[in-house]
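Thanks for coming. I will go through one structure, starting with its pockets and then turning to a few side chains.

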Amino acid sequence: MRQAFLLLGEIVRPQGIRGEVKVRHYTQDPQQFARLETLYLGPQHTPVRVTGARVQGQEVVLALQGVCDRNAAERLRGQKLYVDRAHARPLGEGEVFIAELLGAQAVDTQGRPLGTVCEVLTPGGVDVLVFDTPRGRLMVPAVGHVILEMDAQNGRVLVDESRLDEVSVYEDRHS
């Protein structure tokens, strides 16, 4: 499930009157924005040059080439921002990009299918993998004694089924 572009964030609103935008980042390293010269906008991955970047609280403020006033910045509200793989941060041992886990098939240690990764929640501390299963959405913390392997390259997640009852939760469909 190797992807050419990886989601870095989403433009949430204009910042000021000079065309800057506030971005909700989806990266563990928001300083990464300051090191990038080009980002890719929207599902068409339209290249846009970064002319300035700074972290402000939990968000990133970006200046983008050609976006010179508040009206132009407002038109970008809701747009997703991507980085091409060549400029993505290098992965450490055992790390995977969340975007590449989406759609991966989860199997237990006996080879039985559990479901498909449909979302990854990052509430802080420990990521939570959300699987679409025949029984409903199953939420499992991404901890090493439960998630034994995350093979993004082959679209496969190996789960220790003996630990699921201890740590997993099915989404309540009746709420």
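A definition to begin: on a 1 Å grid over the protein atoms alone, a pocket is an open set of points where a 1.4 Å probe fits, with protein on both sides within 12 Å along at least five of seven lines, and lining residues have an atom within 4 Å of a point. This is a predicted model, where local features need pLDDT of at least 70, side-chain atom pairs count only at pLDDT 80 or more, and totals for linings use all residues. Residues are numbered from 1 along each chain, and side-chain values use heavy atoms, without hydrogens and water.

The largest pocket holds about 1000 Å³ of space. Its lining has 36 residues, and the closest to its centre are Y26, T27, F97, I98 and T122. β1 (5-15) gives the largest share of that lining, 4 residues; strands here are DSSP runs of E, at least two residues, and helices runs of H or I, at least four. By class, the lining has 21 nonpolar, 10 polar and 5 charged residues, with Gly counted as polar.

Now S168, in the loop between α3 (164-167) and β13 (169-170). A polar atom of the S168 side chain lies 2.5 Å from the backbone oxygen of L164. Leaving out residues up to four places away in sequence, S168 touches L138, M139 and V140, contact meaning heavy atoms within 4.5 Å.

Notes. A polar contact is a pair of N or O atoms within 3.5 Å; within protein, one must be able to donate a hydrogen and the other to accept it, and residues adjacent in sequence count only if both atoms are side-chain atoms. Grid points are joined across faces, edges and corners, and a volume is the space filled by probe spheres set on the points.
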